[in-house]
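Here is a walk through one predicted model.

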Amino acid sequence: EQLKQAQRVKSLEMNWAEFEAWLISSEEKVTNLNQSLKMGGVNLSEQLKQAQRVKSLEMNWAEFEAWLISSEEKVTNLNQSLKMGGVNLSEQLKQAQHIQEDITDHETSMEAIESLVSSLATYLEPHHMEELQTSFNNLLSRYRSLSFFIQAYPIEVWFHSRIV
């Protein structure tokens, strides 16, 4: 019985020794992999951060653009109804004010998108960054045009009331 126990202990020690050797080997492999990635200019954790930024940019961009399209349609409808006549001008101004408040509320979303675009600048290849910057500039231009139009809308209503 003692012989069997001694053999089990010996077997356990051998298994433990093999496990330790495997563990040390695995740790060395991971260390070597991390070093080679860093030497190759690739930092895995930085790559993951960039991937998260890209995903966040995609989500913020999609939400913002959907809101922007909806707001552009509201402004178009508001302007068309003014030109068609027979509308309550004070109601038109109230609707314009609500749209203006909504535009102001979305300014932080636009700033977040701009920040994400800027944070990706050093990680993207130049031609990809140019495409992203061009798309962002177009989005920003649409946002500013919408904001400018709705700010000037009360003047449009005033002129309309003088003509009619």
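Helix α4 (residues 107–120) packs with helix α5 (residues 126–163) at an angle of about 165 degrees, and their axes lie 11 Å apart. That angle makes α4 roughly antiparallel to α5. Angles over 145 degrees count as roughly antiparallel, under 35 as roughly parallel, 65 to 115 as roughly perpendicular, and the rest as oblique. Each axis is a line fitted to C-alpha atoms over the stretch in contact, and angles run from 0 to 180 degrees between N-to-C directions. Helices here are DSSP runs of H or I with at least four residues, strands are E runs of at least two, and both are numbered from the N terminus.

The crossing of α4 and α5 is left-handed: the near helix is turned anticlockwise from the far one by less than a right angle. On the α4 side, E107, M110, I113, E114, V117 and L120 take part. They meet M129, L132, Q133, F136, L139, L140 and Y143 in α5. Contact means heavy atoms within 4.5 Å. The residues of this contact divide into 10 nonpolar, one polar and two charged. Ala, Val, Leu, Ile, Met, Phe, Trp, Tyr, Cys and Pro count as nonpolar; Asp, Glu, Lys and Arg count as charged; the others, Gly among them, are polar.

Y143 leads on to the rings. It is buried, with a relative accessible area of 7%. Buried means under 20% relative accessible area, exposed over 50%, and partly exposed in between, with a 1.4 Å probe and protein chains only. F64 is also buried, at 2% relative accessibility. The rings of F64 and Y143 have centres 5.7 Å apart and planes at 50 degrees, so the pair is tilted. Rings of Phe, Tyr and Trp (its six-membered ring) pair if their centres lie within 6.5 Å; planes under 30 degrees apart are stacked, over 60 edge-to-face, and the rest tilted.

Which residues join this cluster? Ring pairs link F64, W67 and Y143. F64 and W67 both lie in helix α2 (residues 44–84), three residues apart, about one turn of the helix.

Now the whole chain. The protein has five helices and zero strands. Of its 164 residues, 21% count as buried. Among contacts between residues at least 6 apart in sequence, 80% join residues at least 24 apart.

Residues are numbered from 1 along each chain as its sequence is written, and side-chain values use heavy atoms, without hydrogens or water. In this predicted model, local features need pLDDT of at least 70 and side-chain atom pairs count only at pLDDT 80 or more, while totals for chains, interfaces and linings use all residues.
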